[in-house]
Amino acid sequence: MKRAKLILTVWLTALALVLAACGGKSGDTGGQSGTSGQQSGGTQQTQEKVKIRLATWAGAEEAKELQAVIDEINAKSTTFEIVSEPIPADYYTKLQTMIAGNTAPDLFWLSQEYIASYAARGALLDITDRLAQDTRPAANLDDYFPEILESAKYQGRVYGLPWIAQPVIVYYNKALFKEAGVPEPTDDWDWQTFRETAKKLTNKEKGIYGVAFNGWPPVQMFIWQAGGEVISPDLKSSPIDSPEAIQALEFYNSIIYNEEVAPPLAVINEEGFAELFKKGKLAMFFGGAADDLDRVEGLDVGTVLVPKGPKNRTTFAWTASTVISSQTKHPDIAYEALVELTEGIHNWKIVAPRKSLATKEHLVKSEPRKEKSADTIIKATQEMRAFRVIPRQPEWDTIFWEQVQDPLFSKKGSAAELARAARPKLEELLP
Amino acid sequence: MAEWHAEWYLSTLSHWLLVGAAMIGLMLATYAVLRRLKVRREAAAGYALILPWLLGFLIWNAYPFAYSLYLAFTEYDVLQPPKWVGLENFKYMFFEDPRFWPSVKLTVLYAFISVPLGMAGALATAVLLAQDVKAVGFWRTLYYLPSVLPAAATALLWRWMFASKGLINTLLSPIYRLLDMEPLMWFADERLVLPSFVIMSFWGIFGANTVILLAALKNVPKELLEAATVDGAGPWTRFFKITLPMISPSLLYVMIMGIIGALQNFTAPLFITTPSGAGTFLNVYIYQQGFTQYKMGYASAIAWFLMVLILILTLLVLRWSEAWVYYEVEVRQKRR
């Protein structure tokens, strides 16, 4: 029997070893402390600096630029070392999996639609009080564009620092305007002049269209321009069937896939969307300020503000924030790193979402290739706004697309009918 | 990014080695324990050797299966722990979700149209390849090629061929002109999405199915065919009265695998954009719900629905097959 006991002990030890090895593997992805015994050999860096993991969706080129920003910050810091973990594909799936598996990165990027949703589920660290005691410029909330900062808040508390606010502007192909004998657009154009211009530029035989819509630019922008809202400021209603919203939906519908002014869906699916503009087949394109559409080889491209709607010229701003995971083991150091990193990114990405940095000088310094479009971009920042988001934003967006926009654009109903039918379903999702 | 971080690779490698060493230790220990329990030497070795696979199956397959069954009755957005909701997911699925039934319809119709057509095509190809022609090995390799290509690449290729000015419309343009009609838009036309996917599925004719049927054809006893010829049976009679019954077990296999595969169609519809989600097969819908909407509970519920659907259809086909599948052994037994 002694032997049996011995064998059992061996068996159990081996099992424990397997489990330990498996555990060690996941611990490796999560291990920032550097104290695990298995890694004792041969690390040259000083162990005092806390490793702060940062997850981003940066692609290869962007990750390289970001690394340069991070290297500079790390060199200065005595307390932390930011470790960049770029996840260019399936970002949100991987992020959620890491959070579910308790290996969340300390810092990560979230685009505007997700912050309320993550905050409501307790995944983010509330940084309101820390910010209030911080005097560094990147922590000064009064300097941020309020509409942009709103996207990093949930129930009045701040959960992240926005690092970009990219307003939509209109890029146009000068050669196509010249060919069609149409004067180039100016900043005072409106919906009607925009549509007429697009119509004059369209030449179906040649496969040239005035503009292309496919759900982008967001229809919300046009609803705001008409004086409407998709989610009211108190988050209590979704008045998408208001006369203003209907007017905007109908205007959008008169452009999208309408061969008088824009390519049909099949052409967009086959040839690409922004690619159509780059190939010289679109005269105008609604793009983010940081897009590379004004430096396409062989194209002479001008930029102009988005056309003015019945009430105003609000433009949509694509914005994203860096947030801190509520799982972080070093909340104070992660916060330090967040503020330093945000300052660094504000000197790299355009447009930095701070009023004091929304100047032509700062923009050109961050991105010299944007000099030509800088005036338009700076003007656009004065009238930009982000989405107003709710915790169940992804579901809300799905219904708004599947039950209002998609059927409207594929001519399955009128804007008024569809909006009226969908409104109660959208409002069910409001907090 | 491109820097060489030796310590990353070394630590990963050391973990792998550790897992490997522990696994070997575990296998040896299992063997010793089993021997101790008076298990035959051969059996003990067998169990020890399948242990890694068994553990892998339990951890990576059985556990997720069971867990997804549990998740089907919960609301789970990944960020928060699953919340038990009882039959809520199934109620929503069957009675409220406007996208669920269209997706089921598309998936089932696709299976019922594409599988018989595909089988007929595979059989015809197999018959051709069974002939004594020159360089038959070359042809057999050539016709197997499609199943070697990655599915994603094929999907993109087909999308390009079905484009409005793509290969297929270019080939068809004389017919369009003759009939004075507008070119078909294929995947861009909601009504043509299903036919387009069915046509695309013919690609699968060449490949594993053809090979299986070819092997079956080659196994049809020559004596039977020769005896029939002597008795005056023509080629068609021989094919329908002898060849088909003799290969019917293989046809059944190909049919069942085909139905299962068709119901699980995923890669192609994921890569091909269709208007208004008209090409959302059930598996794609599960993926969307789980990984873009983060409704893991609901996605699990649909996945289990799909599992049951496949099971029922498979059982129905098996029952029906008794009427037409011929097993030599069975008939002999009955005659006795």
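User: What should I know before I start?
Analyst: The model is predicted, and local features need pLDDT of at least 70, side-chain atom pairs count only at pLDDT 80 or more, and totals for chains, interfaces and linings use all residues. Residues are numbered from 1 along each chain as its sequence is written, and chains are lettered from A and ligands numbered from 1 in the order in which they are written.

User: How many helices and strands does chain A have?
Analyst: Chain A has 17 helices and ten strands. Helices (H or I, at least four residues) and strands (E, at least two) are DSSP runs, numbered from the N terminus.

User: And how many of the residues of chain A count as buried?
Analyst: 43% of its 431 residues. Buried means that 20 or more other C-beta atoms, placed from the backbone, lie within 10 Å of the residue's own.

User: What about domains, which residues go where?
Analyst: Domain 1 of chain A is 50–166 + 317–385, and domain 2 is 168–316 + 391–428. The bounds come from an automatic or database domain assignment. Their centres, taken over C-alpha atoms, are 28 Å apart.

User: How many residues are in contact between the two?
Analyst: 19 residues of domain 1 of chain A are in contact with 18 of domain 2. Contact means C-beta atoms, placed from the backbone, within 7 Å.

User: Which elements supply the domain 1 side?
Analyst: Helix 4 (112–120), strand 9 (315–324), helix 15 (374–381) and strand 10 (384–385) of chain A each supply at least two residues.

User: New topic. Why is strand 3 of chain A called largely enclosed?
Analyst: Four of the five residues of strand 3 (residues 107–111) are buried, so the rest of the structure largely encloses it.

User: Which strands does strand 3 pair with?
Analyst: Strand 1 (residues 50–56) of chain A runs parallel to strand 3, with two bridges. Strand 9 of chain A is antiparallel to strand 3, over five bridges. Pairing takes at least two bridges found by DSSP. A:Phe108 is the bridge partner of A:Ala55, and A:Trp109 stands opposite A:Thr322.

User: Last one, helix 17 of chain A. Where is the kink?
Analyst: At A:Ala422, shortly before A:Pro424, and the kink is about 35°. The bend is the angle between axes fitted to the seven residues ending at a residue and the seven starting there.

User: Which residues of helix 17 are buried?
Analyst: A:Ala415, A:Leu418, A:Ala419, A:Ala422 and A:Leu426. What covers the buried residues of helix 17 includes helix 10 (243–253) and helix 16 (393–409) of chain A.

Definitions and conventions: A residue is buried if 20 or more other C-beta atoms lie within 10 Å of its own, exposed if 12 or fewer, and partly exposed in between; C-beta atoms are placed from the backbone.
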